[in-house]
Amino acid sequence: MTITSKPSASPRSLNEPVLSVKGVTLEYPDGSDGVLTALDSVSLSIGPGEMHSLVGPSGSGKSSLLAVAATLISPTRGSVRIDGEEVTDLRRRRRDHIRREKIGMIFQQPNLLASLTAEEQLVMVEDFRGVSRRDAVSRAREALEVVGLSNAGQRRPHQLSGGQRQRVNIARALMGSPSVLLVDEPTAALDHDRSESIVRLLRRLTDEMGLATLMVTHDTDFVPLTDVVVTMRDGVLSDPVRTKTAAGPALSD
Ligand SMILES: Nc1ncnc2c1ncn2[C@@H]1O[C@H](COP(=O)(O)OP(=O)(O)OP(=O)(O)O)[C@@H](O)[C@H]1O
Ligand SMILES: [Mg+2]
């Protein structure tokens, strides 16, 4: 893995955002005969090296937006473009490919396999991708180093702290050198100091790898570490608001 932006063979032009969501509406069946509108004409765009915070009350549609951006759910209407490619109408195989190669996902709970060491969790991802064992091990070690865990590769999840487990989770999401990072409440299970170091790590990775990062957070303390904040209410997304302190010296990890 190279910890720089991946040379892209994509149709994205220089001025085009890496992640672009336009007019996305998502309706779920409501259990009786009607529909529940989880996302209502939502638009956002994120360029390389930009980190956006997504805040809003419980049930407002934040995770639904991440699921649509991750190509896990097709929207009822609207467009999602990743690296310039429209992904909403693609066949399943192509969508799976884009998800594997271009999207890193990080959820609240690390969801690591109890019997595997930190290094093995990462090697497994590369196995799925058809990477040789030797290359997979070397990429896994590089990713662990990037998240500050070079000495923990042989430890299993129960031998790691909550913050360290989340770092393994982040390293795993980086294995394919994604261009988009989608993060859903990564600090909900951590205390304030550990939470801050995780958000700072995500900020640094966004900068160094040129990622387009969208992070759901309930903790507004960390919003100033990101470039832009958007607020979801009842499936409607606010206009983006630029944060003021995004590029200060305090951002170094
Ligand atoms: N698979 C589903 N089927 C039907 N309704 C769903 C489904 N998933 C989510 N919803 C509904 O869509 C709305 C948005 O849910 P979503 O999970 O996106 O909210 P959220 O903002 O992430 O909330 P939280 O902060 O609690 O995680 C909610 O009303 C929820 O009940
Ligand atoms: Mg959610």
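Where is the place of S177? S177 sits in the loop between α5 (162–174) and β7 (180–184). Helices (H or I, at least four residues) and strands (E, at least two) are DSSP runs, numbered from the N terminus.

Before I continue, a word on the source: this is a predicted model, in which local features need pLDDT of at least 70, side-chain atom pairs count only at pLDDT 80 or more, and totals for chains, interfaces and linings use all residues. Residues are numbered from 1 along each chain as its sequence is written, while chains are lettered from A and ligands numbered from 1 in the order in which they are written.

A residue is buried if 20 or more other C-beta atoms lie within 10 Å of its own, exposed if 12 or fewer, and partly exposed in between, with C-beta atoms placed from the backbone.

T206, by contrast, is buried, because 24 other C-beta atoms lie within 10 Å. T206 belongs to helix α6 (residues 192–209). Leaving aside neighbours within four places in sequence, T206 is in contact (C-beta atoms, placed from the backbone, within 7 Å) with G49, M51, L181, L211 and T213.

Let us turn to helix α4 (residues 133–146). This helix has 14 residues and reaches 20 Å from its first C-alpha to its last, close to the 20 Å expected at 1.5 Å a residue; the expected span is 1.5 Å times one less than the number of residues. Within α4, the residues A136, R139, A140, A143, L144 and V146 are buried. They cover an arc of only 155° around the axis, so they lie on the same side of α4; the arc is that of the directions from the helix axis to the C-beta atoms. What covers these buried residues includes α3 (118–129) and α5. After α4 comes G148, whose phi is positive, near 80°.

Finally, the sheet. Strands of a sheet pair through backbone hydrogen bonds, either parallel or antiparallel. Here an open sheet of four strands runs in the order β2-β1-β4-β5, with antiparallel pairing; two strands pair if DSSP finds at least two bridges between them. The edge strands are β2 and β5 (85–86), each pairing on one side only. Strands β1 (residues 19–29) and β4 (residues 77–82) are joined by five bridges, and the bridge partner of K22 in β4 is S79.

Technical notes
Contact = placed C-beta atoms within 7 Å.
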